[in-house]
Amino acid sequence: MSIIEVHNVSIRYKKGNFKDIGLKDYIIRKIRGTYHVEDFWADKDINFSLENGDMLGIIGTNGAGKSTLLKAISGVMEPTHGYIRHEGRISSLLELTGGFDDALTVRENTFLRGAFLGYTRQFMNKKYDEIIQFAELEEFQAHLFSQLSSGMKSRLAFSVASLIRPDILILDEVLSVGDGAFRKKSEAKMMEIIRGGATTLLVSHSLDQVRSLCNKILWLNKGQQIAFTKNVREACDQYEAFLDGNLDISEVTARKELN
Amino acid sequence: MLRQKIQTYTLKIKQNQFLFEELVKRDFKKRYARTALGMLWSILNPLLQLLIMRLVFTHFFADRIPHYTTFLFSGMIVFNYFSESTREGMTTLIDNAPIFSKINVPKYLFLFAKNAQSWINFVLILGIYFVFCALDHVAFTWKFLMLIFPVVCLAVFNIGTGLVLSALYIFFLDIKYFWGIFLQLLQYVSALFYQIDTFSPAIQKLFYLNPIYLYIAYFREIVLYGIIPSLTLHIAILAEALLVFFLGVWIYKKYNWEFLYYI
Ligand SMILES: Nc1ncnc2c1ncn2[C@@H]1O[C@H](COP(=O)(O)OP(=O)(O)OP(=O)(O)O)[C@@H](O)[C@H]1O
Ligand SMILES: [Mg+2]
């Protein structure tokens with residue numbers, strides 16, 4: 001049985017002038033009939049499934065719906081249609097530094113982040129030193145979070161998030177964190193988790209990275225699924241040609257190999 | 001199978017408890033970090049308010065209402081708890097939008113944590129209230145123990161109201177402004193500084209439509225008059241608290257996935 005199954009998944013956002021309005025404006029617009037909410041489909045009819053140990057590369061231009069799909073898989077959003085079934089624990093690294101609190105210290109933020117990620121206090125007490133060590137922030141533990149550089153912040157975020165051995169790992173453009181030295185370390189850590197048998201979903205705009213790491217490709221374009229294939233090389237080549245303007249999306253042959 | 005279920009269940013509780021505690025800590029630090037007087041201020045503030053009310057209204061009411069200080073304080077303590085916890089609670093969901101739009105967390109915990117803070121504040125002031133009762137020569141009886149009932153119900157009522165408001169605030173930002181006005185009006189019809197028995201019986205009934213007045217009446221009956229409130233009052237308080245609480249829970253359930261669209 002597959003470890004993740006994404007079945008006919010479509011995900012909708014709402015667009016229109018409804019954000020940031022007050023009750024007063026809402027009522028006025030309702031009465032005048034100028035209140036519009038439009039559906040916007042960020043993902044349409046996505047289908048794929050992954051086996052244990054698979055490494056899926058998700059490619060597609062900006063706005064293709066990659067992050068949205070990953071949000072649905074990690075449980076932040078709900079598919080509007082279709083369903084997502086998965087087994088085991090998901091660990092998701094979406095936009096690392098969001099959600100930290102500048103008014104708290106590094107130590108407090110570490111525990112808070114651990115709590116957000118669903119760890120227990122016991123676990124955090126045991127692992128705290130290891131996290132700080134890995135992030136190389138020993139001298140900053142009592143500093144306010146706002147005093148860290150942005151590289152340091154993402155190092156901490158990465159260290160907390162990569163602590164557990166998830167069954168499913170979701171990486172949205174986060175494989176390169178921090179400066180050169182830390183980047184090597186974090187990539188090594190990631191590979192350790194992946195080699196440990198985690199099924200991984202990777203969004204990356206670096207095709208070299210995708211080519212060297214992934215054994216399956218999901219190609220999205222404006223919310224449509226262009227291809228889901230095991231033929232990584234062909235899909236990447238065609239995607240490159242598409243990016244260069246040498247290939248029309250309708251000519252993609254990797255398409256034929258769906259599933 | 002059952003064993004596994006229990007295990008995942010206890011893990012869930014542990015995770016949520018940890019998150020709740022860390023959120024309470026965070027809110028606490030953020031609130032008191034900036035002001036030098038910190039917590040002291042949140043206690044001094046109602047006392048100053050009490051002092052001013054006492055000075056201003058003494059002239060009009062103190063002769064007619066015995067233990068007027070305690071009378072004032074009883075209303076204030078209830079009203080301030082409601083006002084503070086709902087005003088603070090209203091913004092919790094929006095304030096934490098950067099988190100729940102990235103990480104899958106139970107959204108109601110943000111409000112629960114904020115409410116825990118208001119609750120601690122309330123309990124501190126409640127202690128001072130009893131000191132004032134003693135200074136005001138109020139007779140302490142075993143009936144004071146019954147105050148646990150309105151205190152618990154009010155906490156539930158406040159959480160419910162906070163859930164409803166924090167959800168509404170995501171959709172309509174001007175709710176904050178309306179709620180401020182509403183609270184001000186509510187303050188005048190909650191009989192904080194006057195007795196309702198000067199009104200005609202028909203109007204007196206209207207006061208009981210105000211949930212906050214029910215709590216104030218309960219406090220005064222026990223503390224000032226030493227009588228056990230009627231069963232009807234108990235039922236009304238409990239029913240309203242549960243009603244608002246489940247309304248809040250229902251809204252959070254129904255719009256759980258919608259919140260994201262509005263931030
Ligand atoms: N909160 C939102 N409300 C409305 N529309 C949104 C929202 N978030 C994203 N979208 C829209 O959904 C579409 C897909 O966005 P998504 O973030 O999934 O793209 P992506 O493939 O991750 O792009 P990128 O490579 O730039 O990260 C975009 O057109 C975007 O405008
Ligand atoms: Mg993205």
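What follows is a chat about how to read a few features of this predicted model.

Reader: Let's start with chain A. How many helices and strands does chain A have?

Author: Chain A has 8 helices and 9 strands. Along the principal axes, its C-alpha atoms fill a box of roughly 55 × 55 × 35 Å.

Reader: And how much of chain A is buried?

Author: Of the 259 residues in chain A, 50% are buried. Taking the contacts in chain A with a separation of 6 or more, 73% are between residues 24 or more positions apart.

Reader: Now the nonpolar cores. Which residues touch the most other members of the largest one?

Author: In that core, which has 135 residues, they are Phe48(A), Leu156(A) and Leu201(A). The element that gives the most to this core is helix 7 of chain B (residues 148-171), with 13 residues. There's also a second, separate core of 30 residues, and Ile59(A), Leu93(A), Met190(A) and Val232(A) are among its members.

Reader: Can we zoom in on one residue? Is Ser118(B) buried or exposed?

Author: Here you compare the relative accessibility with a cut-off: under 20% counts as buried. Ser118(B) counts as buried because its relative accessibility is 3%. You'll find Ser118(B) in helix 6 of chain B, residues 108-135.

Reader: What is Ser118(B) in contact with, leaving aside its neighbours within four places in sequence?

Author: Ser118(B) is then in contact with Tyr81(B), Glu84(B) and Ser85(B).

Reader: On to the place where the chains meet. What area is buried between chain B and chain A?

Author: About 3,200 Å², and carbon and sulfur atoms give 63% of that. Phe18(B), Lys102(B) and Tyr261(B) supply 24% of the area that chain B buries against chain A, more than any other three residues. As for residues, the contact takes 38 from chain A and 33 from chain B.

Reader: How many salt bridges are there between chain B and chain A?

Author: There are 5 salt bridges between the two chains. One to look up is Lys14(A) with Glu258(B), where the closest N and O atoms are 3.1 Å apart. For polar contacts, the count between chain B and chain A is 11 residue pairs, both residues at pLDDT 80 or more.

Reader: Which part of chain B gives the largest share of the side that touches chain A?

Author: Helix 1 of chain B does, with 12 residues. That side of chain B divides into 20 nonpolar, 10 charged and 3 polar residues.

Definitions and conventions: Residues are numbered from 1 along each chain as its sequence is written. Chains are lettered from A and ligands numbered from 1 in the order in which they are written. This is a predicted model: local features need pLDDT of at least 70, side-chain atom pairs count only at pLDDT 80 or more; totals for chains, interfaces and linings use all residues. Side-chain values use heavy atoms; hydrogens and water are left out. Helices (H or I, at least four residues) and strands (E, at least two) are DSSP runs, numbered from the N terminus. Buried means under 20% relative accessible area, exposed over 50%, partly exposed in between (1.4 Å probe, protein chains only). Contact means heavy atoms within 4.5 Å. A nonpolar core is a set of buried Ala, Val, Leu, Ile, Met, Phe, Trp, Tyr and Cys residues joined through side-chain atoms within 4.5 Å. Buried area is the accessible area (1.4 Å probe) that two parts lose on being put together, summed over both. A salt bridge is a side-chain nitrogen of Lys or Arg within 4 Å of a carboxyl oxygen of Asp or Glu. A polar contact is a pair of N or O atoms within 3.5 Å; within protein, one must be able to donate a hydrogen and the other to accept it, and residues adjacent in sequence count only if both atoms are side-chain atoms. Ala, Val, Leu, Ile, Met, Phe, Trp, Tyr, Cys and Pro count as nonpolar, Asp, Glu, Lys and Arg as charged, and the others, Gly among them, as polar.
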